[in-house]
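I opened the notebook to record what I looked up in this structure. The entries below keep the order of my reading.

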Amino acid sequence: MNQGVAITGMGIISAIGNDVASNYRSLLSGTTGVQRVSKIDTIHRDAIWVGEIEHSNAQLEAALKLPKDHNYTRTAMLGLWAAKEAVADAKITSDAMVRTGIISATTVGGMDMTERYFYEYLHSEACRKYIESHHAGDHSQKIATALGINHGLVTTISTACSSAANSVMLGARLIKTGRLDRVIVGGVDPLSKFTINGFNALMILSDAHNTPFDQHRKGLNLGEAAAYLVLESDTLVKQEAKKVYAYVSGYGNANDAFHQTASSDHGDGATLSMQKALEVAGLSPRDIHYINAHGTATRNNDLSEGRALIRVFGDAVPPFSSTKPFTGHTLAAAGGVEAVFSVLALQHNTIFPNLNFESPMEEFKLRPETQATERELTHVLSNSLGFGGNCSTVIYSKATPS
Amino acid sequence: MSLKETSIPKFCYISNGKIWSNGAVWYADETVPFKQLMKGAYKQGDVNYPKFFKMDRLSKLAFMASEVISQEAPFHEETALVFANRASSLDSDRKHQHSIQHQEAYYPSPAVFVYTLPNICLGEISIRHQLFSENSFFIFDSFKAEAVQPYCNHLIATKKAPAVLCGWVDFDSETEYEAFLYLITNNTISAQAIQQLYKKHHDST
């Protein structure tokens, strides 16, 4: 019982790269992946900017060697792509005795195909195979099957933008309490008209590149991504002499009982989730050396999150940045993407820049880091704050806390 | 008090135009549509929460049942919510579906869409009572107290929650809706006793 939770593998595909190494290079060089949308036929094409993954569905199908009659959605393909990298990275040799699970997060599920074929379903047989891949759990099952996870826990989390952080949290708890020896955790969301139009209706899409924590921020850019971590128990790490990248040392989830979609202006939920995570990790606020903020660049999020940071850290808010200007807001995948970035920050003792920041907000004096900076980092805190006030915080640490 | 008395939780049952509180009829109007029933109950309970009128029918049902209980036993901010139903959010799903069914008449409404998840009613109750607590919504074929009782007992035994508002809120249609919510404050209540309580009301309406 009470196992440490080691991270032994990572995989990612996002607008700034198709693997961990290329994502890291883009973060260091300050290269954004946000651009005009090219793969979705939308009337908002010239009004919005998105973080789009380079590969088309046809390229993904070929690279993943999917059979001709498959019913993979873009969600499942991106998810499998990143999960495969994570598993290869962790050098997992198949062993039936190791209790392995997968917890994947998504908000759109198979909506990318449903929105394409919705009106055709009624009169065309050929596209109906995608009805079965519409539900959120389909991609998790497909990844599990493709990776040979046939007996362990396979589950899906959908809690808006905190989804992947919650899958890290659930996975960590299952390892910690000895229910699993190994678990692949993370999330995936492709771009879709569903999210573009939905966020457009909420009037929170920026017509420019997103500028987190800036007084003149105009909203978010959507992005697509998949990102996974392999979590393993101390015992397994010892048995297999595994290389450990970092540990999941703390986590917290809270709701802020404020509104169906908005976060409380005072950051009640984010304050609670950060405090809970610090408590689980047995750390005090001053132990945190870098915060990968949720920082979506909407008026509501950055105000709410900024106030929460001040409530938790007082006048000693650690260096922080939002990496959304690189990737766009990848919704359910964000907590996975930023988990990978947080581990990269620890591995390379580097804080990644908050691109596009110019003027501090009038409500407080917080200034995010705007340059890639080398600094000794021991504990990194990552926030993922979801619509409806579902707020999650995960703390990543170099060593397992004693 | 005998053990029997202490082991029956506060509860509310709603079905077929009747609202029961702890076994007694609290409000009834079997002649009006659901919307009017809820409006009447709102007045009866002197609720004073205008957001109620923006809610979908599932949320109104869940909200009103929780309101009846909270008037007798106000909720602590860590009171957990563990609900279940059969029809998920189908009532709002259908409404949304109609608004997008025809390409030439495509008018989805965010005010409807936001209710196309069953657990939104948990959010409505949390916002109303400022609950910062654990909540879960399950989909089952029918109400089974034993399915959630171990979970509720665990929340109380581990002091994660001082109380759990638990039960069934199902809205399928104007004529098929049912709520049975009960407030668990200790872990001595048996699932069988709760199931019997439910059955008694379910069978008599």
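**Entry 1: conventions.** I worked on a predicted model, in which local features need pLDDT of at least 70 and side-chain atom pairs count only at pLDDT 80 or more, while totals for chains, interfaces and linings use all residues. I number residues from 1 along each chain as its sequence is written, with chains lettered from A and ligands numbered from 1 in the order in which they are written.

**Entry 2: domains of chain A.** I noted that chain A is divided into domain 1 (5-239) and domain 2 (248-397); such bounds come from an automatic or database domain assignment. The centres of the two domains of chain A, taken over C-alpha atoms, are separated by 21 Å. I then looked up their contact: 62 residues of domain 1 of chain A touch 54 residues of domain 2 of chain A (contact puts C-beta atoms, placed from the backbone, within 7 Å). Elements that each supply at least two residues of the domain 1 side include strand 1 (5-13), helix 1 (20-29) and strand 8 (225-233) of chain A. Helix 6 of chain A gives the largest share of that side, seven residues. I recorded its classes as 32 nonpolar, 26 polar and four charged residues (Ala, Val, Leu, Ile, Met, Phe, Trp, Tyr, Cys and Pro count as nonpolar, Asp, Glu, Lys and Arg as charged, and the others, Gly among them, as polar).

**Entry 3: a helix pair.** I examined helix 9 (residues 268-281) and helix 10 (residues 299-313) of chain A, which pack at an angle of about 45 degrees with axes 8 Å apart. Helices (H or I, at least four residues) and strands (E, at least two) are DSSP runs, numbered from the N terminus. At that contact, A:Ala270, A:Thr271, A:Met274 and A:Gln275 of helix 9 meet residues of helix 10, among them A:Ser304, A:Glu305 and A:Ala308. I counted four nonpolar, three polar and two charged residues there.

**Entry 4: chain B.** I found that the contact between chains takes 11 residues from chain A and 10 residues from chain B. The chain A side has six nonpolar, five polar and no charged residues.

Notes. Axes fitted to C-alpha atoms, helices over the stretch in contact; angles between N-to-C directions. Contact = placed C-beta atoms within 7 Å.
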